[in-house]
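Keep the picture open while you read.

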Protein chains: 2
Amino acid sequence: MDADRFARAALSRVAEPCDKEVPGLIDELGAVETLGRLRAGHGTLARFRARLASVDTERDLDIAAKVGARVVVPGDDEWPDRLSEIPVPPYCLWVRGPLDLAETVERSVAIVGSRTATGYGEQVAADLAAGVAQRGWAVVSGAAFGIDGSAHRGALAVDGATVAVLAGGVERPYPSAHATLIARIARDGLVVSEVAPGSAPMKSRFLARNRLIAGMTRGTVVVEADLRSGSRNTVKHAIDAGRHVGAVPGPTTSMTSAGCHQEIRDGRAVLVTSADEVIDLVGDLGDDACEPARGPVRPEDDLPPLDASVLEAVPFRSAITLDAVVRQVAHAPLMVRAALGRLERLGLVTESAGTWRKRPQPRSAKSG
Amino acid sequence: MDADRFARAALSRVAEPCDKEVPGLIDELGAVETLGRLRAGHGTLARFRARLASVDTERDLDIAAKVGARVVVPGDDEWPDRLSEIPVPPYCLWVRGPLDLAETVERSVAIVGSRTATGYGEQVAADLAAGVAQRGWAVVSGAAFGIDGSAHRGALAVDGATVAVLAGGVERPYPSAHATLIARIARDGLVVSEVAPGSAPMKSRFLARNRLIAGMTRGTVVVEADLRSGSRNTVKHAIDAGRHVGAVPGPTTSMTSAGCHQEIRDGRAVLVTSADEVIDLVGDLGDDACEPARGPVRPEDDLPPLDASVLEAVPFRSAITLDAVVRQVAHAPLMVRAALGRLERLGLVTESAGTWRKRPQPRSAKSG
């Protein structure tokens, strides 16, 4: 095994996904030198000492080999290029299953949602997954109870490709009640994790995992989500990564559809009701074809008047509440909120804990 | 009774709403002279002879008086100014009930939808109507089976104001199974029609009636509608009149929600799930407050790039299909359809039988 791959495998056990320092060090120094720095343990890197002492990467690789998992790193043919574009790429991916990961996710959709789904939601998730899988698209999800499981099963039921991205090591099915499902996915599809064997699923790793589901796919569809659902975190990652986002409506009386309705109202997601509409959303045409030729424009050059006013009201260096923006632009809260959603999808503003700030824009002009 | 009021009452029995010639004649000559021209019956106006022979306006006014109906005409305090802004205003309105029509509809929402509603839809319609009525908004609808009836009942249940706009004369409850409901509305709210007593409800009058429901309110909310529902016609009128439009989502498995979902996907309606969200949509702030000062702009000056491209692709003098626009702008059909919906809401394009053309713009610059 080459040194870079070994170092990345080791780092995936030592450092948490989205660690504050490690991704930057890898960018700057490469994985091998980064691992060396962690071992030297100077300054803030001293915090890795305890975990480094207990890490045995050879053993992790043995465990992986026993379950048929491989380590995929940037530069491999199987590495999904899309994952190099997200704000914090994984150090490596531990991958089980017979498919080629890069090829599989090239045309893929994430179908995610509530663990406490309704029968309606589970049915819709399975139908959508079967529908997109039959049209040659892979279904990516998180193997959780509820919507995730139904999405995987829907794809498997039509012999479609499906990818389960786990928050813990690929050798430990989680939730354990889905062990059979995950084994079936490992046999016919792909089971993927960014953390090494032996890593337990923890809350922070679920949140980090969501960015991979959003990041490796063309788009994310939320089938059911209550207002505080983790799948809304996946939506946020999808928006941050510039991916398409769809949401399935449901009865307004169902709290597990409230999160979907909110995403649609806020302009963050497009309403989708069928596999055709999902493919319409993420399909090739929009991505591969070009806009009619126009001079280079920045996204903020072409905003509708309300959106332009809202953007003007949002500061760079501090955060502003929705109410404060509403007062400044003197428009209905619903309209202002939807404008903020559109600006967020354009990457012009960013939201955190209900407050908004402008997002720094790349220096180079971006063509519309 | 003054001559203008009498002439308008007569015209409302002689000429169909939205007749091709009569509204233009009234604009040009006034109602009295228009009625005179119809009586003279020259040229194309000869077509009114038969009906004129059988019309007895004095008798119509007697019938109206018996059911307590009055004739309201432009210039009356009770005339809703909003109805003078729509493309084809009614000749007059026959009005039963204790409320002042203009005051009542000043803050009003149309709640409409399928006659073959589900229990879910009827419950949502009644809840929304009760919610907006409790907040001081009048509920306008068409007294039909299904959503309309539930909306009226929801408003009445909380002693709220409600207005039923009928397609036939105000003296004949239609549907007859709703006679008790309509009588209750006439007692506590308002029953309105633009056709004189004795006029039967006919298909063309239902379509014309929908423009009044859309035109006299601040906004229209569709609760349930299948893809071919008449309430989508009301949405079209609301868009044409520049009103707010909301649609309530439902299960994707319910065909009576499919029309609502389509309106939301097409960018023609905003997704709403509660009375608060409805009022957020139609409420005062957006209408009464001003945009931050900007130079005069035309709506097409500030479009996002895709919308601008789509607008460019739509011709003035002929109509173009969605597919043809998709080919020209090379974007996903869903995106193009949503852009057309936004352009339609801005009054820049108009749709007819699935094809699109540019809409002539007023000469004067329009601010904001």
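Q: Which residue in E12(B) does B:Ile320 stand opposite?
A: Its counterpart is B:Trp356. Keep in mind that this is a predicted model.

Q: What makes E10(B) and E12(B) a pair?
A: Two strands pair if there are at least two bridges between them. E10(B) and strand E12 (residues 355-358) of chain B have two bridges, in the antiparallel sense, so they meet the cut-off.

Q: Why do strands E10 and E11 of chain B stand at the edges?
A: The open sheet runs in the order E10-E12-E11 (chain B). Strand E10 (320-321) and strand E11 (349-352) each have a single partner strand, so one side of each has no neighbour in the sheet.

Q: Is A:Ala353 buried or exposed, and how do you know?
A: The cut-off for exposed is 12 or fewer. A:Ala353 has 6 C-beta neighbours inside 10 Å, so A:Ala353 counts as exposed. The loop that holds A:Ala353 lies between strand E11 (349-352) and strand E12 (355-358) of chain A.

Q: What makes the phi of A:Ala143 worth a look?
A: Most residues other than glycine have a negative phi. A:Ala143 is not a glycine, yet its phi is positive, at about 65°. A:Ala353, not a glycine either, has a positive phi of about 50°.

Q: What is omega for the cis peptide bond that joins A:Tyr174 and A:Pro175?
A: Omega is about -5° there. Most peptide bonds are trans. In chain B, the bond from B:Tyr174 to B:Pro175 is cis too, with omega near -5°. A:Pro175 sits in the loop between strand E5 (162-165) and helix H10 (179-188) of chain A.

Q: Which residues have the most contacts inside the largest nonpolar core?
A: Among them are A:Val310 and B:Ile111, in a core of 223 residues. Contact here asks for C-beta atoms within 7 Å. Leaving aside neighbours within four places in sequence, B:Ile111 is in contact with residues including B:Ala125, B:Leu128 and B:Val223.

Definitions and conventions: Residues are numbered from 1 along each chain as its sequence is written. Chains are lettered from A and ligands numbered from 1 in the order in which they are written. This is a predicted model: local features need pLDDT of at least 70, side-chain atom pairs count only at pLDDT 80 or more; totals for chains, interfaces and linings use all residues. A nonpolar core is a set of buried Ala, Val, Leu, Ile, Met, Phe, Trp, Tyr and Cys residues joined through C-beta atoms within 7 Å. A residue is buried if 20 or more other C-beta atoms lie within 10 Å of its own, exposed if 12 or fewer, and partly exposed in between; C-beta atoms are placed from the backbone. Two residues are in contact if their C-beta atoms, placed from the backbone, lie within 7 Å. Helices (H or I, at least four residues) and strands (E, at least two) are DSSP runs, numbered from the N terminus.
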